[in-house]
Amino acid sequence: MARVIKQKPMNWVERLYVYECLRGLFTTLKHAARGFFRYEQLPTISYPEGQPDIPSNYRAKHRLMLRADGTPRCVACGMCAAACPAHCIFIEATKSDDPRIEKRVMRFDIDHLVCVFCGLCVEACPVDALRMDTKQIVFEHRTREEFVAHLEDLTNWDPKDYPEDAQSQMAPGGTKNAEARKVWGMEVK
Amino acid sequence: MSNFYNMPKLPTENSPKVEIFVDDKAVMVPGDTNLLEALKAVGIETPHVCYHPYLPVSGNCRQCLVEQEGPRGRMLVIACYTPVAPGMKIYTPASSARVKNARKATQEFMLVNHPLDCPICDKAGECTLQENYMEAGQNEGRMRPEYGKNYHGNPAHQFIDSKGQVRGGKHVDIGPRILLDEERCVQCDRCVRFMRTIAKDEQLQLAGRADHTYISTFPGEKLDHEYDLCVTDVCPTGAMTAKYFRFQKRVWLLSHTPTISMDDSLGANIWLDHADGRIYRMMPRCNPEVNRSWISNTTRLAFQTFGENRLPAMGLKVIKEAMGEGKVAIVAGGASTIEDLAAIKLLKETLGDKAEIFGGTFKKVGSPDGIAMSGDPMANRAGFKLMGIADDNLADLVKRASEFNVLLTVNADLFGEDAAAAKGLEKIATRIALSAFDDETAKKSTLAFGIKHWSEVQGTMVNCNNLLQKLNAAPTCPDAELRPAYEVISELAGKPFTSAFEAFKKAGEYASVLAGLAYDSIKSTGKLLEGGNA
């Protein structure tokens, strides 16, 4: 059922229109004046200089999580590529040199021109290797090829940018790396 | 354990029909087979792991349980080893919660120590365990996480992983072509039965007992047999995986083209699995009359060279000019399809007495191995006979080489097969090779023209059992300019065929058994030709 909103009838001052018109102009002038004298209080961001504050669960550019020894966690199972509605993920696998790991990713490309940033790839990943929490939302490149993020690009992130995330801290350079390395280097019988 | 005597009897078209009651509904099923096949014949799939239609019944997986009404009430029996009897009463999960629970419990037991390897397993996507899990399993996890997996198999391969779980038997090198993952194995013993009863070379064994069972070869021995890659096909899990396909492609990304292998006159039925315009693997396609579920390693691994060393496509002007002068000897190779042969006959008719057709191979003709090879490298030999083309007169050609001015070879690598025997052919001044590959004959020829390989053409062949079989074109041709042999040859003859079927219709004019047939009337398992002379 439609909700009927009853509007308050205007009084005669409002119906005169002149007063209301000036009130509107004053609002505009007020913001313009704030732009001159109290710039930092403006509700809008002057975009290229000011960057928006992005929450960590915002679906931004992808990154690939790293193991304690710095190799990507990705096992090239292709689940993300299978889940991807835009077909923008290209994966090739190869044999790993590490005796504990059988399969390792050789090529992991995400075409960000095709990507729709739906986040299904992140949900599909069985080893929590793929995340979209880089807060990087701006993609500016000169050629189409540069929009394709390769393995080196996706694994090139700093644990210091993710101080609250325990998993990220296990990567080389993180606070929990030494601890994770101990578990990772467990005696293999 | 299995023995030689309990091969499953598979239903045929002539099976007597008997009435049985499935879920209290009367159905007519083939009467001379086991329950699993009988239910399949009426469209009821029973999940199974150890049963394979071309291997002896072992009955150890207990996944195919159904309920049967017996003198002592309703009992759980395995469908794969229960013969069909008229009037028997069967209950499937559709009506019986007990069967449903039993299958679910069996599935759960099978997966207790099965590793969560699906992301890195080459079998994922075509794995029987995955299929059964979706159909019969879907258990909630009842394993305590602190207990985890606890692998008890081969003690030599055990280790403790980074989560503290007892694991073992990863990527064991069991032979030159196969990797074994003991942990993924569910001890269905299909591979053991395959090596024992089909390959007739018992190289695999189940070692240990109960929970400690694992697949093994004899000490110091490796799994090495002409048919050993078939164990990767029969393996219901990812325990046996082929090295050549290891981590190459996830199987759900492969497209499948049903076709015929043209390297042997049995014409093994195969699937060409391709993606991104190249073949990734070749799998057997089940044909009860030809190769059942088996193909040899030679056939299977041949695809690796299909895309390499190819000849480029070229215009036909030069070849037409070269053909104009003197007598022409046309040599058709064994991989020529019926369509190619029709085009060759057409070319012969156009050239008249100037041309003569030869056929055959310099390769040695072996003997059938009884599994999936007839030993005859000339694949379409029966088709040659059918079309009235000589299939074994190359020696005659070599003897009379000086009579000819032009040698046109089609799909025939004469110099590669036997350089010594083919040496006499060098007397022929103009040698034109129509070949897919830049092979020895193409190198020795004066003009070499690229054509499509048999994996990339549509066509037909007749195998040594007189079965007309259909080849389908896989979209894996490396060069869009390349054309099939029948198109090129018919253009040389001046009456170009625009499609394979047009060539096939022309073949019907030369061989009356083929007249009136359409490609659609040739089933995927082939069509037996009456009155052939193979």
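**Notebook: chains A and B**

I began with chain A: the C-alpha centres of its domain 1 and domain 2 lie 47 Å apart. The bounds are domain 1 (13–47) and domain 2 (63–184), taken from an automatic or database domain assignment. I noted that this is a predicted model, where local features need pLDDT of at least 70, side-chain atom pairs count only at pLDDT 80 or more, and totals for chains, interfaces and linings use all residues. Residues are numbered from 1 along each chain as its sequence is written, while chains are lettered from A and ligands numbered from 1 in the order in which they are written.

**Chain B, domains**

I then looked up chain B. It is divided into domain 1 (17–111), domain 2 (144–253) and domain 3 (317–528). The C-alpha centres of domain 1 of chain B and domain 3 of chain B lie 50 Å apart.

**Where the chains touch**

I counted 17 residues from chain A and 12 residues from chain B in the contact. Contact here puts two C-beta atoms, placed from the backbone, within 7 Å. The chain B side divides into six nonpolar, three polar and three charged residues. In this scheme Ala, Val, Leu, Ile, Met, Phe, Trp, Tyr, Cys and Pro are nonpolar, Asp, Glu, Lys and Arg are charged, and the others, Gly among them, are polar.

**The cores**

I looked for nonpolar cores, meaning sets of buried Ala, Val, Leu, Ile, Met, Phe, Trp, Tyr and Cys residues joined through C-beta atoms within 7 Å. Buried means 20 or more other C-beta atoms within 10 Å of a residue's own; exposed means 12 or fewer, and partly exposed is in between. The largest core has 140 residues. Cys191(B), Ile330(B), Val331(B), Ala343(B) and Val410(B) have the most contacts inside it. Its largest share, seven residues, comes from H8(B). Another core, of 31 residues, lies apart from it and includes Leu64(A) and Ile110(A).

**Cys191(B)**

Why does Cys191(B) count as buried? It counts as buried because 30 other C-beta atoms lie within 10 Å. Cys191(B) sits in helix H4 (residues 190–198) of chain B. Helices (H or I, at least four residues) and strands (E, at least two) are DSSP runs, numbered from the N terminus. Leaving out residues up to four places away in sequence, Cys191(B) touches Leu204(B), Ile215(B), Val231(B), Val234(B), Cys235(B) and Met240(B).

**Helix H8(B)**

I checked the length of H8(B). Its 14 residues reach 20 Å from first C-alpha to last, close to the 20 Å expected at 1.5 Å a residue. The expected span is 1.5 Å times one less than the number of residues. H8(B) is mostly covered, with 10 of its 14 residues buried. Among them are Ile338(B), Ala343(B) and Leu347(B). Just after H8(B), Gly352(B) takes a positive phi of about 70°.

**Strand E18(B)**

How many residues of E18(B) are buried? Five of its five are. Val406(B), Leu408(B) and Val410(B) lie on one side, with Leu407(B) and Thr409(B) on the other. I looked for its partners; strands pair if DSSP finds at least two bridges between them. Strand E16 (residues 328–332) of chain B runs parallel to E18(B), joined by five bridges. Ala329(B) stands opposite Leu407(B). E18(B) also pairs with E19(B) in the parallel sense, over five bridges. There, Leu408(B) has Ile432(B) as its bridge partner.

**Helix H14(B)**

Last, I looked at helix H14 (residues 485–493) of chain B, where seven of its nine residues are buried. These buried residues pack against several elements of chain B, including H8 (338–351) and E18 (406–410).
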